[in-house]
Amino acid sequence: MAEQKQIKVTLVRSTIGTLKSHRDTVRGLGLGKVNSSRVLIDTPEVRGMIRKVDYLVAVSEA
C-alpha cells in the first residue's frame, strides 16, 4: 500500500464569534485551543473542511 500524503493543520485564530457550523468543523478537524495542531491524511473531505474554515487555520506539509 502506498504511503498517504499528510498535512499539518494548526488553529491560528479563536473560534469565538464564529458561526456554530464553523466551530463544529474546527472540532471535527480535531482542533481545540489556539495553536493546537493535528496531522491529517490529505483527502478531499479534509480539504473541504479546511476550505470552510480557512480563515481560522494554517496548513503545512507534515
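Reader: Where does T18 sit in this predicted model?

Author: T18 lies in the loop between β1 (6-11) and α1 (20-28). The model is predicted.

Reader: Why is T18 called buried?

Author: Its relative accessibility is 14%. Buried means under 20%. T18 therefore counts as buried.

Reader: Which residues does T18 contact, leaving aside its neighbours within four places in sequence?

Author: R23, Y55 and L56. L56 also belongs to the largest nonpolar core.

Reader: What makes up that largest nonpolar core?

Author: The core has 12 residues. They are I7, V9, L11, V26, L29, L31, L40, V46, I50, V53, L56 and V57. β1 gives the most, with three. In soluble globular proteins, nonpolar side chains tend to be buried together.

Reader: Which residues does V26 touch, not counting those up to four places away in sequence?

Author: V26 touches L11, T15, L31, V53 and L56. Among them, L11, L31, V53 and L56 are listed in the core.

Reader: How do you know that the buried residues of α1 lie on the same side?

Author: The buried residues of α1 are H22, T25 and V26. They cover an arc of only 100° around the axis, so they sit on the same side of α1. What covers them includes β1 and α2.

Reader: Which residues are exposed on the other side of α1?

Author: K20, R27 and G28.

Reader: Why is K20 called exposed?

Author: K20 has a relative accessible area of 52%. Exposed means over 50%. K20 is therefore exposed.

Reader: What makes K20 and D24 a salt bridge?

Author: Their side chains meet at 3.1 Å, N to O. The cut-off is 4 Å. The pair is within it, so the salt bridge counts.

Reader: Why are K20 and D24 separated by about one helical turn?

Author: Because they are four residues apart in helix α1.

Reader: Why is D24 called partly exposed?

Author: D24 has 42% relative accessibility. Buried is under 20% and exposed is over 50%. The value falls in between, so D24 counts as partly exposed.

Reader: How many salt bridges does a search of the whole structure find?

Author: Two. Besides K20 and D24, the side chains of D42 and R47 meet at 2.8 Å, N to O. That distance is also within 4 Å.

Reader: Why are D42 and R47 called partly exposed?

Author: D42 has a relative accessible area of 24%. R47 stands at 31%.

Reader: What makes the phi of N35 worth a remark?

Author: The phi of N35 is near 75°. That is a positive value in a residue other than glycine. N35 lies in the loop between α1 and β2 (37-41).

Reader: Is N35 buried or exposed, and how do you know?

Author: N35 has 59% relative accessibility. The cut-off for exposed is over 50%. N35 therefore counts as exposed.

Note on methods
Residues are numbered from 1 along each chain as its sequence is written. This is a predicted model: local features need pLDDT of at least 70, side-chain atom pairs count only at pLDDT 80 or more; totals for chains, interfaces and linings use all residues. Side-chain values use heavy atoms; hydrogens and water are left out. Helices (H or I, at least four residues) and strands (E, at least two) are DSSP runs, numbered from the N terminus. Buried means under 20% relative accessible area, exposed over 50%, partly exposed in between (1.4 Å probe, protein chains only). Contact means heavy atoms within 4.5 Å. A nonpolar core is a set of buried Ala, Val, Leu, Ile, Met, Phe, Trp, Tyr and Cys residues joined through side-chain atoms within 4.5 Å. The arc is that of the directions from the helix axis to the C-beta atoms.
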